[in-house]
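User: Hey, I've just opened this one and I'm new to it. Can you walk me through a few spots?
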Amino acid sequence: VRPFILRLCPLVLDSHEWNHPLHIHSIQAFQYMLSIYTSTKSSVTDGANLNLMLTIEHFDVNFKFERDVNVSLPKKTRSNGTLYTHMFLHHVGMLPWHDSKHVYAIGHLTTYMIPKPEEINLITGETNSQEAVNGAETKGPDQPVAHWRSRLTINIMADNFTFDGSALPADVHRYLKLMQHGKTVQYLPILFVDELSNRVRDLKVSNFFATLKSQVTAIHFLSALLHLH
């Protein structure tokens, strides 16, 4: 399984700025939305290589959201390539890359493993599906092929929690996107994919179409630290 990469774009602050309390930037008072894209590219700067998969307008961080999404897999992914998901929490009515206060995270929708043997119906002698056959047309039985992750769990940490900036370990700084708000320094909600929720039994050999069970859940500060480390 390839490691998950979280990329945020933090505001560059002088070292003395971390000596101040860091307050959460509330998104309840603003109209935010969550946009989830797919792409065969691991890094994007605009919408050129992104395909919109799901949007949740007027997003409420305290509301648990679940939805099944049908996804058409690009040829590159069906040919044993990787598919990524790019997630943006941003203002309604603005493109994510035009919103300076957006929050961003990236995750994998595919992973690589050797296909499991198909179960055979003892009465008919036929397999339950042709997924493994399709995936093995160009790959040997002992070669890893791209598998679709049929579950995507997105966690967001937006607790009304004030950090003591001077007490935060330096390796935590990279997970916080900071902004100056008057005389205070605020951090935007933390958005990331819950890799621990991925199970081997949920992996499917990549085909033309796939169903993704997406879930967005609010978690607390301590849980977020456990997932990010």
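User: Let's start with a strand pairing. Which residue in β15 is the bridge partner of Ile154?

Analyst: That's Val216. Keep in mind that this is a predicted model.

User: How many bridges join β9 to β15, and do they run parallel or antiparallel?

Analyst: Six bridges join them, and the two strands run parallel. β9 covers residues 151-157, while β15 covers 209-218.

User: What sheet are they part of, and in what order do its strands come?

Analyst: It's an open sheet of four strands, ordered β4-β15-β9-β13, with mixed pairing. The edges are β4 (65-72) and β13, each with a single partner strand, so one side of each has no neighbour in the sheet. On average, neighbouring strands here are turned by 20° against each other, ignoring direction.

User: OK, and where does Asp194 sit?

Analyst: Asp194 is in the loop between β13 (190-193) and β14 (203-205).

User: Buried or exposed, and why?

Analyst: Asp194 counts as buried because its relative accessibility is 11%, and the cut-off for buried is under 20%.

User: What does the side chain of Asp194 reach?

Analyst: It gets to the backbone nitrogen of Leu196, at 3.1 Å.

User: And how far is Asp194 from Val216?

Analyst: In space they're 9.8 Å apart, C-alpha to C-alpha, and in sequence they're 22 residues apart.

User: Switching topic: how many aromatic pairs does a search of the whole structure find?

Analyst: Four. In one of them, Tyr37 and Trp97 form a tilted pair, 5.9 Å centre to centre with 50° between the planes. That pair links distant parts of the chain, since Tyr37 is in strand β2 and Trp97 is in the loop between β5 (84-91) and β6 (103-108), 60 residues apart.

User: Are those two buried or exposed?

Analyst: Tyr37 is buried, with a relative accessible area of 9%. Trp97 is partly exposed, at 25%.

User: Which other ring does Trp97 pair with?

Analyst: Phe88, for one: that pair is edge-to-face, 6.0 Å centre to centre and 80° between the planes. Phe88 counts as buried, with 5% relative accessibility.

User: Which residues do the ring pairs link into a cluster?

Analyst: Tyr37, Phe88, Trp97 and Tyr104.

User: Back to β2. Where is Thr38, and is it buried or exposed?

Analyst: Thr38 lies in strand β2, which spans residues 32-39. Thr38 counts as buried, because its relative accessibility is 8%.

User: What is Thr38 in contact with, leaving aside neighbours within four places in sequence?

Analyst: Asn49, Leu50, Asn51, Met53, Leu83, Tyr84 and Leu109.

User: What about residues 130-137?

Analyst: pLDDT stays under 50 there too, and the model has nine contacts for residues 130-137 beyond four places in sequence.

Note on methods:
Residues are numbered from 1 along each chain as its sequence is written. This is a predicted model: local features need pLDDT of at least 70, side-chain atom pairs count only at pLDDT 80 or more; totals for chains, interfaces and linings use all residues. Side-chain values use heavy atoms; hydrogens and water are left out. Buried means under 20% relative accessible area, exposed over 50%, partly exposed in between (1.4 Å probe, protein chains only). A polar contact is a pair of N or O atoms within 3.5 Å; within protein, one must be able to donate a hydrogen and the other to accept it, and residues adjacent in sequence count only if both atoms are side-chain atoms. Contact means heavy atoms within 4.5 Å. Two strands pair if DSSP finds at least two bridges between them. Axes are lines fitted to C-alpha atoms, for helices over the stretch in contact, and angles run from 0 to 180 degrees between N-to-C directions. pLDDT is the predictor's confidence in each residue, from 0 to 100. Rings of Phe, Tyr and Trp (its six-membered ring) pair if their centres lie within 6.5 Å; planes under 30 degrees apart count as stacked, over 60 as edge-to-face and the rest as tilted.
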